[in-house]
Amino acid sequence: MAEETQKKKLSIIAFSGDFDKLTAVFTLATGAAAVGYEVNLFFTFWGLDALKIKQGRSPVGKGFLPKVFGIFMGGLRSAPVSRLNFFGASPKIFRYMMRKNNVAPLEELVEAAKVLGINFYACEMAMHILGLQKSDFIPEVKDVLGVATFLQLSEGGQTLFI
Amino acid sequence: MAEETQKKKLSIIAFSGDFDKLTAVFTLATGAAAVGYEVNLFFTFWGLDALKIKQGRSPVGKGFLPKVFGIFMGGLRSAPVSRLNFFGASPKIFRYMMRKNNVAPLEELVEAAKVLGINFYACEMAMHILGLQKSDFIPEVKDVLGVATFLQLSEGGQTLFI
Amino acid sequence: MAEETQKKKLSIIAFSGDFDKLTAVFTLATGAAAVGYEVNLFFTFWGLDALKIKQGRSPVGKGFLPKVFGIFMGGLRSAPVSRLNFFGASPKIFRYMMRKNNVAPLEELVEAAKVLGINFYACEMAMHILGLQKSDFIPEVKDVLGVATFLQLSEGGQTLFI
C-alpha cells in the first residue's frame with residue numbers, strides 16, 4: 001500500500017555540457033515534474049557547468065589548470081551542440097528554432113525546473129577534479145553528493161545517464 | 001500475481017544519430033524483444049533521423065533552418081560513427097566488418113525490430129525544433145509522444161538514454 | 001521478504017572509450033560496490049578497450065580492418081576525453097588534476113573495481129565486429145555475454161548506458 005502511494009521518481013546523471021544534451025536533461029526533468037514525479041538531477045563533470053552562477057568563459061576554479069578547463073566550460077550560453085558546432089553557430093540556430101517553434105529555450109527550462117521543485121545536486125568528486133566550490137553554483141543547488149547518496153536517492157525509480 | 005505475469009520492459013530514448021550508437025539501440029532492442037520483452041523506442045533529436053522515409057541528405061523539413069540541419073541528418077546510410085569518422089569512411093568499414101563477421105548490419109536490425117513488434121515513438125518537442133512531421137517518418141512509427149506519456153510507458157522497466 | 005533481502009543492483013553498459021566517461025563508469029561502479037551493491041559492467045564497442053591486456057596502440061585483432069580500429073583503441077592510457085582532447089593533452093591534465101586533488105585516477109579505480117568484486121562482462125557482438133577474443137582481455141572478465149543474458153542479470157536494478 002505504502003509503495004503504491006509513493007511518488008514516481010526520475011533521476012538523471014547530467015554528465016554532458018552539450019547544449020542539446022542539457023536541453024534533453026531539462027525537457028525530461030520538467031516534463032516528469034509536471035506530471036508529479038520526484039526529479040533528482042545529479043550534475044557531474046561537464047554538466048556542472050549548467051549550475052554555475054557566472055555565465056561566460058570565466059575560470060572554473062582557482063589555479064592554472066582549472067583555468068584551462070574554464071575556457072571550455074563557459075556556462076549555458078556557450079554550451080556547444082554535441083553533433084554539429086560551427087564555431088558556436090549551432091547553439092544559436094538551435095535557440096532560434098526553439099523560439100520560432102515555441103519550444104522553451106534552455107534557460108527557460110532551467111527556470112521552470114527551479115519553479116517545479118526539481119532537486120539539483122552537484123557531484124563531489126567532479127567538483128574536486130575541476131576545482132569548483134559550492135559557492136560557484138546557483139543557490140538552488142540543494143547539496144553536494146557522492147555516488148552512494150545519489151544511488152540511495154534514485155533507488156526505485158528510473159535513472160538515466162545523459 | 002498480476003505483477004508477476006506482466007511482461008518485462010526495456011525502453012530506450014534514442015537521442016544520438018551516430019551509427020555505432022544506433023547500432024547499440026537496435027541490438028539491445030531486438031535482443032530484448034527476442035526474449036519476450038516489451039520494447040519501446042523513443043526517438044528524439046538526432047535519433048529521429050533513423051525514422052525518416054527518405055534516406056539521403058535531403059532537407060529535414062520546410063524552410064531554411066530545417067534545411068541547414070537536414071544536411072547533417074542524412075538518414076541511416078550516412079549516419080556518422082561517434083568516435084572516428086574520416087570523411088564517412090568509418091561507417092563503411094563498420095558495415096563491412098559487421099557483414100564479414102556475420103553480424104546483422106543496422107538496416108537489417110531495423111527490419112528485425114519492425115518484425116519483432118518493437119514500438120517506435122517520435123518525440124513531439126524535437127520534431128517541432130527540427131521542423132519534422134509524422135509523414136516524414138516510416139509508417140511503423142506508432143505515435144508522436146511527449147515526455148509524460150513516454151515516462152508512463154516506460155514505468156516499471158529498464159530505461160536507457162543512448 | 002525474499003525480495004527485501006535481495007542485494008541492490010547497479011548495471012552499466014560501458015559503450016564509450018573516452019577517458020572521462022570511463023572514469024564515470026568506474027566511479028559509479030566502485031561507489032555502488034562500496035555500499036554493498038551488486039555491480040555488473042557490460043563492456044561493448046569502444047568500452048571493450050578498458051578490458052584489454054596489452055595497453056598501447058596495438059592492433060585490436062587479426063587482419064587489416066581490426067588493425068585500422070586498433071589504432072583508435074589504445075587502452076586506458078590513451079583513452080581520449082570526450083569533450084576536449086588536444087593531441088592527447090587533456091587526459092594528462094585530467095589525470096594530473098585527479099592526482100593533485102586526491103581523486104583516484106582511472107587505473108586505480110579499475111584496480112578497486114576488481115578488489116570490490118565488481119562483475120566484468122564483455123559484449124559478444126561487439127567482439128565479433130572488432131575481431132577481439134576473450135584472451136585479449138584481462139582475466140577478471142567473468143564472461144562473454146549477449147544482450148539477453150545481460151538484461152536478465154540487470155533486471156530489477158538500476159541500469160545505465162554510458
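Colleague: Quick one: in strand 3 of chain C, what is the bridge partner of C:Phe42?

Modeller: The partner of C:Phe42 there is C:Tyr121. Strand 2 (residues 38-43) and strand 3 (residues 119-123) of chain C pair in the parallel sense over four bridges. Two strands count as paired if DSSP finds at least two bridges between them, and strands are DSSP E runs of at least two residues, helices H or I runs of at least four, numbered from the N terminus.

Colleague: What should I know about the model and its numbering?

Modeller: This is a predicted model, where local features need pLDDT of at least 70, side-chain atom pairs count only at pLDDT 80 or more, and totals for chains, interfaces and linings use all residues. Residues are numbered from 1 along each chain as its sequence is written, while chains are lettered from A and ligands numbered from 1 in the order in which they are written.

Colleague: Back to the strands of chain C: in what order do they form the sheet?

Modeller: The five strands run 4-3-2-1-5 in an open sheet with parallel pairing. Strand 4 (141-145) and strand 5 of chain C sit at the edges, each pairing on one side only.

Colleague: And which strands does helix 2 of chain C lie across?

Modeller: Helix 2 of chain C lies across strand 1 (9-14) and strand 2 of chain C. C:Ala32 is found in that helix.

Colleague: Is C:Ala32 buried or exposed?

Modeller: C:Ala32 is buried, because 25 other C-beta atoms lie within 10 Å. The cut-offs are 20 or more such atoms within 10 Å for buried, 12 or fewer for exposed, and partly exposed in between, with C-beta atoms placed from the backbone.

Colleague: What does C:Ala32 touch?

Modeller: Leaving out residues up to four places away in sequence, C:Ala32 touches A:Val147, A:Leu151, C:Leu10, C:Tyr37 and C:Val39. Contact means that the C-beta atoms, placed from the backbone, lie within 7 Å.

Colleague: How many residues does the contact take from chain C and from chain A?

Modeller: The contact takes 23 residues from chain C and 19 residues from chain A. On the side of chain C that touches chain A, the largest share, seven residues, comes from helix 2 of chain C.

Colleague: New topic: where is pLDDT under 50 in chain A?

Modeller: It stays under 50 over residues 57-62 of chain A. pLDDT is the predictor's confidence in each residue, from 0 to 100. Where it is low, the predicted coordinates should not be read in detail. Chain A has a mean pLDDT of 81, and 77% of its residues reach 70 or more.

Methods
Contact = placed C-beta atoms within 7 Å. Axes fitted to C-alpha atoms, helices over the stretch in contact; angles between N-to-C directions.
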